[in-house]
Amino acid sequence: MEPIFDKHCKLVAWLNPQSNYVFSTRMQFVAFIRGNALFSPRSRHLGFFMNGIFRDKRVGAVAFLRGSSPGATPATPATPATPATPATPATPATPATPATPATPAGSFGSATWDELIHG
């Protein structure tokens, strides 16, 4: 599991890099990644995942994986096709709390992690 941090370097979720499923800090399935798009468990398009950065639909940076930096805002990709809704995965064990990362260079958008995930 890879920790996901918000713009304040607070742990907000976990990414399983093998399945591309995103889990809350309470290990609830909250999203999945297909290509560079982020979807809710019911296949609603939430935003994008690009180069280790979670972005809203306007491609504003919202959260990041350790070692990733928002950098310049990229062009907005085309809206992705809606994928099939995946089966709900088994709840994984809660990983140990990671060390707080350094604040990455670059700018973040105004959306919070909760706004990205819950609309």
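Residues are numbered from 1 along each chain as its sequence is written. In this predicted model, local features need pLDDT of at least 70 and side-chain atom pairs count only at pLDDT 80 or more, while totals for chains, interfaces and linings use all residues; side-chain values use heavy atoms, with hydrogens and water left out.

## Barrel

Eight strands close into a barrel. Their order is β1-β2-β3-β4-β5-β6-β7-β8, and the pairing is antiparallel. From one strand to the next, the twist averages 30°. Such angles run from 0 to 180 degrees between N-to-C directions, with axes as lines fitted to C-alpha atoms, for helices over the stretch in contact. Strands (E, at least two residues) and helices (H or I, at least four) are DSSP runs, numbered from the N terminus. Two strands pair if DSSP finds at least two bridges between them.

## Around β3

Strand β3 covers residues 21-24 and runs antiparallel to β2, residues 11-16. Four bridges join the two. W14 has F23 as its bridge partner in β3. On the other pairing, three bridges join β3 to β4, residues 29-34, again antiparallel. Here Y21 has F32 in β4 as its bridge partner.

In a regular strand the side chains alternate between the two faces of the sheet. In β3, Y21 and F23 point one way, and V22 and S24 point the other way. All four are buried, meaning under 20% relative accessible area; exposed means over 50%, and partly exposed lies in between (1.4 Å probe, protein chains only).

Both pairings of β3 are hairpins. The β2 and β3 hairpin has four residues between the strands. The β3 and β4 hairpin also has four residues between them, and M27 in its turn has a positive phi of about 65°.

## Positive phi in loops

N20 sits in the loop between β2 and β3. Its phi is positive, about 65°, although N20 is not a glycine. N20 is partly exposed, at 29% relative accessible area.

N51 lies in the loop between β6 (45-50) and β7 (53-55). N51 is not a glycine either, yet has a positive phi of about 55°. At a relative accessible area of 74%, N51 is exposed.

## Aromatic pairs

A pair of aromatic rings is described by the distance of the centres and the angle of the planes. The structure holds seven aromatic pairs. Rings of Phe, Tyr and Trp (its six-membered ring) pair if their centres lie within 6.5 Å; planes under 30 degrees apart count as stacked, over 60 as edge-to-face and the rest as tilted. Two of the pairs are listed here.

| Pair | Centres apart | Planes | Class |
|---|---|---|---|
| F23 and F29 | 6.1 Å | 50° | tilted |
| F49 and F54 | 4.5 Å | 45° | tilted |

F23 is buried at 3% relative accessible area. F29 is buried too, at 14%. In the other pair, F49 is buried at 16%, and F54 is buried at 0%. One aromatic cluster is formed by F5, F64 and F108.

## Largest pocket

Rolling a probe the size of a water molecule over the atoms shows where empty space is left. On a 1 Å grid over the protein atoms alone, a cavity is a set of points where a 1.4 Å probe fits but cannot get out; a pocket is an open set with protein on both sides within 12 Å along at least five of seven lines. Lining residues have an atom within 4 Å of a point.

The largest pocket has a volume of about 290 Å³, the space filled by probe spheres set on the points, with grid points joined across faces, edges and corners. Its lining holds 18 residues. K10, V12, W113, D114 and H118 lie nearest the centre. β2 and α1 (113-118) each supply at least two lining residues. α1 gives the most, with four residues.

By type, the lining divides into seven nonpolar, six polar and five charged residues. Ala, Val, Leu, Ile, Met, Phe, Trp, Tyr, Cys and Pro count as nonpolar, Asp, Glu, Lys and Arg as charged, and the others, Gly among them, as polar.

## P101

P101 lies in the loop between β8 (61-65) and α1. P101 is buried, with 11% relative accessibility. L38 is 63 residues from P101 along the chain, and their C-alpha atoms are separated by 23 Å.
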